[in-house]
Amino acid sequence: MAQQKYLHQRPIQNPFTNPFSSSPLSNSSLSNRPISLLSRNGLLLLLALLVILGVFLPWAGSPLFPFPNTLSPSQSKWRDYSLAQAVEFAAKNGTVIVCAVSYAYLPFLNNWLISVSRQKHQDKVLVIAEDYATLYKVNERWPGHAVLIPPAFDSQTAHKFGSQGFFNFTSRRPQHLLQIVELGYSVMYNDVDMVWLQDPFKYLEGRHDAYFMDDMTAIKPLDHSHELPPPGKKGRPYICSCMIFLRPTSGAKLLMRKWIEELRDQPWSKAKKANDQPGFNWALMKTAHQVDLYLLPQAAFPTGGLYFKNKTWVKETKGKHVIIHNNYIVGFEKKTKRFRDYGLWLVDDHALESPLGKLE
């Protein structure tokens, strides 16, 4: 019975005080006192072990857990999932719709997906996950529709416009798009703080290399030119990098390479808090004589600075709006509130229309 009662038959040598006792123990007392499973110290040790297991075991399958051998087979599969495999899976009729998302913005992804689903284009969506938490979450709910292109970012950070994190996040955009067109696919890129009201593909007239929307709030005539607008005060146009459609042409590839080059030449700094959009505009302007460009109609693709701030214009153009961009405002909470105020925050009542369902 005595042998069954004890965890160890060898004495425990410990020169330090017992952490579970209120008073120090001598070396001799420790060396002569094995820890009993049924003693107070033994029970405390078991309790501590259970607490440790309770804390760490749930993390074993988490994307934040640092040890790769704790990944489930499905998570290991998605880590090895390449962009080429993902595009081949998601593309329909040679076209794929992509967005880039970090974990903090999953609610906006879901909101955008609901609107895309209403136009019957959700099956060709590919989410470029910027962190492993997003990769695993999306593929858990919607297998095959998310891919991560290393390096991965911190999943717990929502980067504000103008920050270095925001620049690092958005500056990878042209690289992703270049890879896709080099694979031979047409690609539509959207920011996820957008909502589709109609099918945008109906507005991609002709066979141009690149399509985009203006980010200026000045009202254009309904029959405005579809050429690249002239440079503004900063010596470049003010096109939004939030919505881009590219065909797999030499012109589109040239534009993406020039955009990458511009971002390398104008990195982020505290003095000049750059983002990816100025580089895109410089690239458009510098390649305009070589690339077939098409400016989408303003009434269909208005900037947020116009749609949310000019009620008269919105009323006059009612029924013409295709994609609404929630820009000209900074902050997760502010964007969410504005969408709610305008009846465009769909996840509250229509989450089941998204391929991801209701996210907790």
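**Chat about the central sheet**

Q: How do strand 1 and strand 4 pair, and over how many bridges?
A: Strand 1 (residues 95–101) and strand 4 (residues 186–190) pair in the parallel sense over four bridges, where helices (H or I, at least four residues) and strands (E, at least two) are DSSP runs numbered from the N terminus, and two strands pair if DSSP finds at least two bridges between them. This is a predicted model, in which local features need pLDDT of at least 70, side-chain atom pairs count only at pLDDT 80 or more, and totals for chains, interfaces and linings use all residues. Residues are numbered from 1 along each chain as its sequence is written, and side-chain values use heavy atoms, with hydrogens and water left out.

Q: Which residue in strand 4 is the bridge partner of Val96?
A: Val96 has Val187 as its bridge partner in strand 4, and Val187 in turn stands opposite Leu246 in strand 7.

Q: And strand 4 with strand 7, parallel or antiparallel?
A: Strand 4 and strand 7 run antiparallel and are joined by four bridges. Strand 7 (residues 239–246) is also joined to strand 6 (residues 210–214), again antiparallel, by five bridges, with Ile239 in strand 7 as the bridge partner of Asp214.

Q: Is strand 7 mostly covered or open?
A: Strand 7 is mostly covered, as eight of its eight residues are buried, which is to say under 20% relative accessible area with a 1.4 Å probe and protein chains only, while exposed is over 50% and partly exposed lies in between.

Q: What's the strand order of the sheet?
A: The sheet is open, with seven strands in the order 3-2-1-4-7-6-8 and mixed pairing. Its edge strands, each pairing on one side only, are strand 3 (146–148) and strand 8 (293–295).

Q: Changing topic, which strands does helix 6 lie across?
A: Helix 6 (residues 106–118) lies across strand 1, strand 2 (125–129) and strand 4, and runs at about 155° to strand 1; axes are lines fitted to C-alpha atoms, for helices over the stretch in contact, and angles run from 0 to 180 degrees between N-to-C directions.

Q: Which residues have the most contacts inside the largest nonpolar core?
A: Those are Leu109 and Trp112, in a core of 91 residues, a nonpolar core being a set of buried Ala, Val, Leu, Ile, Met, Phe, Trp, Tyr and Cys residues joined through side-chain atoms within 4.5 Å.

Q: What is Leu109 in contact with?
A: Leaving aside neighbours within four places in sequence, Leu109 is in contact (heavy atoms within 4.5 Å) with Cys99, Val101, Val127, Val138, Val192 and Leu356.
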